Amino acid sequence: MCGIVAYLGRKAAQPILVEGLKRLEYRGYDSAGIALLDDGSIHVTKTSGRISALEEILDEPHGRDTLGIAHTRWATHGRPNTTNAHPHLDATGKIAVVHNGIIENYATLRTWLQNEGVVFRSETDTEVIANLIGYIYANQAEAGLPDEQSAFEWAVQQALRKLHGTFGLAIICCDFPDTLIGAKRGSPLILGVGNTEYILASDAAAIVEHTTQAIYMADNEMVLVGPDGFHTKTIDNVTVAKDLKQIEFSLEQIELGGFEHHMLKEIFEQPESLRMCLGGRIDAHDGKIKLGGIRDYLRELTRARHVIFTACGTAFHAGLVGEFLLEHLARIPVETEYASEFRYRNPIIEDGTIVIAISQSGETADTLAAVEQAKERGAGVLGVVNVVGSTIARATDAGIYLHVGPEIGVASTKAFTAQVAVLSMLAIELGRRRHLGSDDAARHIEELAQIPEKIERILEQSDHIRDIAAANIEKDNWLFLGRGFNYPVALEGALKLKEISYIHAEGLPAAEMKHGPIALIADCMPAVFVATAGAQYDKMMGNIEEVRARGGRIIVVATEGDRYLEGVADHFITVPQTPELFQPMLTVVPLQLLAYHAAVLRGHDVDKPRNLAKSVTVE
């Protein structure tokens, strides 16, 4: 959520900041702004709406502004309007701040500052940060400034210690035209280090065009960037050494590459992204799996008595598939918990409990909080994430990266199939170590290796699926139904349709339809059945007939060659034959395409769905 870009170097800052904001559009936002330090003053331009609206009101760049900060805001405190947009100035106009996160004690601080005579202009919690720094900076003489620190740095540290909550910050002061300060607690922040230039951002996508070298900030750390380079320390003024890391993806990977939308590109990338995910990890010839990220943790995993998957949104649905896989292949009791609920419950964590956190971004606030709670209670904690160096990746004891490249589309697609692939490999390996025969394990590995090629065959039906979407988009209520391993796929299909087409959709186990939702079926209501060959196939046929009898419109995802369902369905989509436990990686693909085409046909901005953000870094 929200996006931060800041620049200090020798080039004109404005074009770099605007381009950086565009790279972060996928994160979701409702306003945008930029602050430039020029001729000893800070000049702020901001507006509600899109970055294109900001560009229209910006002055022509003149090259003297080599320091600046910029932001895209997703509203939390205060309405999404120009006044509440970032950057925010302090009351004196000397300090400018952009902020991701939520300040929990902002009301108390605001009241105190107002009692001290400080005037506020916005409704935001962020303006409290700017005014708190400004107030401390203005009154530094009374406090006795340490000799080794600038007044600006000292004021920032003093202010940060008073903040409760989460923040990713970029801060500038007109009295220090060669200094940029960044700070982090619970919200991602990265410093790109180039040749005599630095880019501070909440996401590597804003950095990679300029440099592939970066440092990843940890919680309660700050970075000071100036003419002599960068220095990192804690907000308590303890020096911290940071190593430069290589950003794991290229600029080409975040470009559209000829596709109309990032979501469509990422749907079509799934065969190759799964090959990247599986590559070097599965050996179909020898029937072995190598998961280097958890190599030193496998003994503890093998002895686990209880596993808890915790995640949000699409990652939660992947966790449900993982639950079925782990119980089926490794015979370990598993629960899948919404991270947003787990963190506020009193979960039972006993000896032998392993918690596995799943998050594409590795920055999901609720999932990170669940990780911290699980660690406090003594559980071993693993991560399944995509973004290398992300907060969850660093917070967990060990983990497995997806290695599918950046996912820009707000509606997650290739991350889901990769998450299921990773959990499939984990389940096979634990099963082999516990009770699964080597021949069975080898057979599963061979089937897993064929999934990318089978997805390529499904993608050939994109135009056909578009026609199905066109025939049904006038309907505002849909059902998605599945059983067994395909029940989570029904949930994911419904979520995708809701996220980007704004059609109300409900996903549920097909057997539960008779326990209430069947009352909704009338007037050609679309009902999408994931009815592939498997143990509950006959039961699914019964559910389909129940909906047909009540006037529902039947859309079926079935196994290739299923002539019976082709005859009874109003719309028919096929997937190649594969074992039931790996079917979710195939059956989800038609539902991703169905949602995509429905959204485009309804005229929606697929990559920027309303009210949504790619990475939910606040509660």
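The following legends describe close-up views of a predicted model.

**View 1. An open sheet is formed by five strands.** The strands lie in the order β18-β17-β19-β20-β21, and their pairing is parallel. At the edges are β18 (334-338) and β21 (398-401), each of which pairs on one side only. From one strand to the next, the twist averages 20 degrees. Strands of a sheet pair through backbone hydrogen bonds, in either a parallel or an antiparallel manner.

**View 2. Strand β17 pairs with strand β19.** Residues 306-311 make up β17 and residues 353-359 make up β19; five bridges join the two strands in the parallel sense. Thr310 stands opposite Ala357 of β19.

**View 3. Helices α10 and α12 pack on the sheet.** Helix α10 (residues 313-330) touches β17, β18 and β19, and its direction makes about 175 degrees with that of β18. Helix α12 (residues 365-376) touches β17, β19 and β20 (380-385), and its direction makes about 165 degrees with that of β19.

**View 4. Helix α18 passes helix α21 in a right-handed crossing.** The axes of α18 (residues 487-501) and α21 (residues 584-601) come within 9 Å and cross at roughly 20 degrees. Because angles under 35 degrees count as roughly parallel, α18 is roughly parallel to α21. Helix α18 contributes Val489, Glu492, Gly493, Lys496, Leu497, Ile500 and Ser501 to the contact. Helix α21 contributes Pro584, Thr587, Val588, Leu591, Ala595, Tyr596, Ala598 and Ala599. The residues of this contact between α18 and α21 comprise ten nonpolar, three polar and two charged.

Technical notes
Residues are numbered from 1 along each chain as its sequence is written. This is a predicted model: local features need pLDDT of at least 70, side-chain atom pairs count only at pLDDT 80 or more; totals for chains, interfaces and linings use all residues. Side-chain values use heavy atoms; hydrogens and water are left out. Two strands pair if DSSP finds at least two bridges between them. Helices (H or I, at least four residues) and strands (E, at least two) are DSSP runs, numbered from the N terminus. Axes are lines fitted to C-alpha atoms, for helices over the stretch in contact, and angles run from 0 to 180 degrees between N-to-C directions. Contact means heavy atoms within 4.5 Å. Angles under 35 degrees count as roughly parallel, over 145 as roughly antiparallel, 65 to 115 as roughly perpendicular and the rest as oblique. A crossing is left-handed if the near helix is turned anticlockwise from the far one by less than a right angle, and right-handed if clockwise. Ala, Val, Leu, Ile, Met, Phe, Trp, Tyr, Cys and Pro count as nonpolar, Asp, Glu, Lys and Arg as charged, and the others, Gly among them, as polar.
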